[in-house]
Amino acid sequence: MKFIIKLHPEITIKSKSVRQRMSKILQGNIRNVLKPVDEHVKIRADWDKLIVRSNIMTEEHRQAMVSALACIPGIQWFLEVKECKVESLDDILALTVEMFGDKLAGKTFCVRAKRRGQQPFSSLDVERYVGGGLNQRCETGGVRLKNPDVQVNLELDGDRLFLVSEQHAGLGGFPIATQESVLSLMSGGYDSGVASYQFIKRGSRVHYCFFNLGGQEHEAGVREVVHYLWKKYGSSHRVKFISVPFEGVVAEILETIDKGHMGVVLKRMMMRAGAAVAEKLAIGALVTGESMGQVSSQTVTNLNVIDRVTDTLILRPLIAADKQEIIDVARQIGTAAYAEKMPEYCGVISQKPTIKADLAKVEQEEANFDFGVLDTAIQASFVEDVRELAKAWVLPEVEFSKGDDAEEVILDIRAPEEEEDAPLAVAGHQVVHMPFFKLAHHFSELDPGKTYLLYCARGVMSRLQAIHLKEQGFDNVKVYRP
């Protein structure tokens, strides 16, 4: 089994030394990716291509090889070929009839030939001779030079003929590690996954940083999509996954920052933390999935205010992309299935956020913020090898209740402004208001002999917080479903 790997065009136009370096790195990347499929695979480099050989000839193995090669950055396209020694045009014709004769029955076709080395005939001679011979010896639908049903591709290198049975599209881009490493800020949604993929494809080793706002269930979903991205497109290199516990930071923002500035301040805190993590890992740039105008914090003014918080380069590959374009790419690369089931977190960002934050006012607001909370979160960051993310997490089960038991207490965990706008009253039940960002520190102060039904507007945050409390050993919590 043999494949001819064609390099991405941007590689072939580089200087000789750069092209050779990139080709060598791609050769190593292919070997790393294919090793689990065939540990004895052989790879040889030529000027503008790589030759991959495997001695395993099963169909299952062929499909595994094709699937792996299609997702390696730096490959523009690749050919499945049969290699034969030839001495004449008659030899070429006979071998071509043997491989393609049955495939041409009733179909129009053309022959395309490429040559290297010395032969007593031109590429056009090959195309005419083989095309005419196929038309005479096989029951074809005739020769058609434009838009044929079948294109017969032949490659000659000296006295070696490569009969191309299949041509496959590659990922394109640059081989991983030919560009500098980046740290992608992952939320698990459509945008961050696509942004990460763009930099994998561009040749960066992408590490991943996750700000945990919702306990283990939130992290479990992000871990899944990160491992998928790495395994499918970036497994030639080891990378890191960093989880930063950010619930305390959110709680501090909600208690000290003006409602209109909460979203911008949260992003500034994330950039501060991301820059600190990147510095520890010697990474020079952060990557986000932000797109101009998509949400309130992503206006030009607000992005400018967010960027002022760090000197670390912040890269936004999706800045001018439409949401539908981003979703389409997510579906194409396979991350949409993860993004679709990722829960949205109600109550994290305030209502009526500003779209034109003033830097001086934001900095004045941040003067009330206890930065010790942020420092604690950064220090508590947990770094893992991305390969560890394949291990499944077992999350606690959460019970739901309609409040049929009058002894159960309804615990309204909405943000203060939500509770003020629409106070909750449930006939026959005591209702206690405790914002979700206070649960971690204050739930233990409640009567342990009672059962508490957590309530929020959409039922997302209540479920996440119930799981989080169960992780901490509290069994007297359920989710209120009226």
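Q: In this predicted model, which residues are linked with Lys2 in a network of salt bridges?
A: A salt bridge pairs a side-chain nitrogen of Lys or Arg with a carboxyl oxygen of Asp or Glu within 4 Å, and in this structure Lys2, Arg53, Glu83 and Arg160 are linked in a network of such bridges.

Q: How should I read the salt bridge between Arg160 and Glu83, and which parts does the pair tie together?
A: The two side chains meet with an N to O distance of 3.1 Å. Because Arg160 lies in strand β8 (residues 160-169) and Glu83 in strand β4, the pair ties together parts that are 77 residues apart in sequence. Arg160 is partly exposed, at 28% relative accessibility, and Glu83 is also partly exposed, at 25%.

Q: Where do Glu98 and Lys82 lie?
A: The side chains of Glu98 and Lys82 meet in a salt bridge at 3.7 Å, N to O; Glu98 belongs to helix α4 (residues 89-100) and Lys82 to strand β4 (residues 75-85), so this pair ties together parts 16 residues apart in sequence.

Q: Is Glu98 buried or exposed?
A: The cut-off for exposed is over 50% relative accessible area, and Glu98, with 58%, is therefore exposed, whereas Lys82, at 34%, counts as partly exposed.

Q: How does one read a residue such as Asn153, and is it buried or exposed?
A: Buried means under 20% relative accessible area, so Asn153, at 16%, counts as buried. Asn153 sits in strand β7 (residues 150-157), and its side chain makes a polar contact with the side chain of Gln151 at 2.8 Å. Beyond its neighbours within four places in sequence, Asn153 is in contact with residues including Arg112, Phe162 and Gln167.

Terms used. Residues are numbered from 1 along each chain as its sequence is written. This is a predicted model: local features need pLDDT of at least 70, side-chain atom pairs count only at pLDDT 80 or more; totals for chains, interfaces and linings use all residues. Side-chain values use heavy atoms; hydrogens and water are left out. Helices (H or I, at least four residues) and strands (E, at least two) are DSSP runs, numbered from the N terminus. Buried means under 20% relative accessible area, exposed over 50%, partly exposed in between (1.4 Å probe, protein chains only). A polar contact is a pair of N or O atoms within 3.5 Å; within protein, one must be able to donate a hydrogen and the other to accept it, and residues adjacent in sequence count only if both atoms are side-chain atoms. Contact means heavy atoms within 4.5 Å.
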